Amino acid sequence: FLTLHSSLYIHSSAEPIRVLVTGAAGQIAYSLLYSIAKGDVFGKDQPIILVLLDIPPMLPVLDGVVMELQDCALPLLREVIPTDKVEVGFKDLDAAILVGSMPRKEGMERKDLLKANVAIFKTQGAALDKYAKKTVKVLVVGNPANTNCLIASKSAPSIPKENFSCLTRLDHNRASSQVAMRCGVSSDNVKNVIIWGNHSSTQYPDVHHAKVNVHGSEMAAYDAIKDDAWLRGDFISTVQLRGAAVIKARKLSSAMSAAKAICDHMRDIWFGTKEGEFISMGVYAGGNSYGIPEDLIYSFPVQIKNKTWKVVDGLSINDFSRAKMDATAAELVEERDTALDFLSQ
């Protein structure tokens with residue numbers, strides 16, 4: 001009894017970690033905060049201080065979110081700090097989930113969108129550099145996520161580039177789910193799909209290395225599905241255009257599924273990936289073995305151990321895949337160059 005009691009005591013008295021969510025009054029955050037505060041992401045015995053950052057006009061809404069988090073009566077949630085100030089928001093962070101960004105408005109040029117976001121992520125990168133722990137793990141969700149992530153990283157030179165990633169797990173989960181539905185199995189029977197490249201409609205969902213467990217035996221996705229035309233056609237475009245399809249139907253962007261993907265991504269960083277499995281995330285491309293330009297945040301298949309990711313090397317790439325991987329890289333190079341022009345202004 002005594003030993004049980006003391007171990008419980010140790011667990012509950014673990015040091016709280018500080019987790020920032022930006023765009024905290026928005027709809028993705030509204031689907032996300034409960035899962036974080038309840039222990040689904042950083043562990044069931046890890047107390048949390050939630051820091052919620054948004055722009056000044058959103059502060060009254062943020063107060064409502066704080067009230068609701070209080071009203072959830074969650075034992076792990078030690079403190080909630082709503083703020084519009086970066087020096088408060090970024091202080092001593094263990095994890096930063098950067099959801100807030102300038103959304104694309106009707107008739108807005110992609111270039112204008114990039115310019116607005118370069119300003120935001122330059123500021124946030126500099127704030128991370130100045131106030132956060134050097135070990136902070138930073139996940140960029142706000143679009144254009146890959147390029148925003150690169151700008152934040154470049155604006156935080158004292159934090160290792162490896163600590164920055166962007167969200168392509170939603171695309172990864174979409175691809176897994178499409179394969180699972182096609183095979184008539186649940187999604188946990190599908191593993192090792194890959195999203196290569198940009199979190200945009202040029203992304204390449206690749207199932208050449210994916211495995212499906214059908215009736216207890218594991219087989220290659222191509223063998224399980226037996227429909228190459230679908231896999232090289234509608235499957236790819238369905239995943240690429242899924243975000244737009246959700247907006248068309250809901251008149252709002254995907255929030256529930258985005259929040260779930262954020263939880264998956266951060267939990268995998270914290271606790272690692274399963275043996276023999278890999279997941280997709282946008283990471284720094286330096287030193288990659290796939291011929292992708294180095295100075296990009298590009299989505300690769302990765303394995304994670306001890307909070308450190310490693311790109312899965314040595315996967316065979318056929319001509320079909322190569323062309324798609326290069327096309328999405330070209331888009332990222334163009335985005336990066338435009339963004340770096342703005343950054344230097």
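Mentor: A polar contact is a pair of N or O atoms within 3.5 Å. The model discussed here is predicted.

Trainee: At the start of helix 13, which residue has a side-chain oxygen that reaches to the backbone nitrogen of Phe320?

Mentor: The cut-off for a polar contact is 3.5 Å. At the start of helix 13, the backbone nitrogen of Phe320 has a side-chain oxygen within 3.3 Å. That oxygen belongs to Asn318.

Trainee: What distance does helix 13 reach from its first C-alpha to its last?

Mentor: Helix 13 covers residues 319–344, which are 26 residues. At 1.5 Å a residue, 38 Å is expected, and the helix comes close to that. Its reach is 37 Å.

Trainee: Which strands do the buried residues of helix 13 pack against?

Mentor: The buried residues of helix 13 include Met325, Leu332 and Phe342. Helix 5 (110–131) and helix 6 (145–154) are among the elements that the buried residues pack against. The strands are strand 8 (194–196), strand 9 (204–206) and strand 13 (297–305).

Trainee: How many disulfides does the count come to?

Mentor: A disulfide requires two cysteine sulfur atoms within 2.5 Å. For Cys149, the nearest cysteine sulfur is that of Cys166, 5.4 Å away, and Cys149 is in no disulfide. Cys149 counts as buried because its relative accessibility is 0%. The count of disulfides comes to zero.

Trainee: What area is buried between domain 1 and domain 2?

Mentor: Domain 1 spans 17–166 and domain 2 spans 168–336. Their contact takes 31 residues from domain 1 and 34 residues from domain 2. Carbon and sulfur atoms give 65% of the buried area, which is about 2700 Å².

Key: Residues are numbered from 1 along each chain as its sequence is written. This is a predicted model: local features need pLDDT of at least 70, side-chain atom pairs count only at pLDDT 80 or more; totals for chains, interfaces and linings use all residues. Side-chain values use heavy atoms; hydrogens and water are left out. Helices (H or I, at least four residues) and strands (E, at least two) are DSSP runs, numbered from the N terminus. The expected span of a helix is 1.5 Å times one less than its number of residues. Buried means under 20% relative accessible area, exposed over 50%, partly exposed in between (1.4 Å probe, protein chains only). Contact means heavy atoms within 4.5 Å. A polar contact is a pair of N or O atoms within 3.5 Å; within protein, one must be able to donate a hydrogen and the other to accept it, and residues adjacent in sequence count only if both atoms are side-chain atoms. Domain bounds come from an automatic or database domain assignment. Buried area is the accessible area (1.4 Å probe) that two parts lose on being put together, summed over both.
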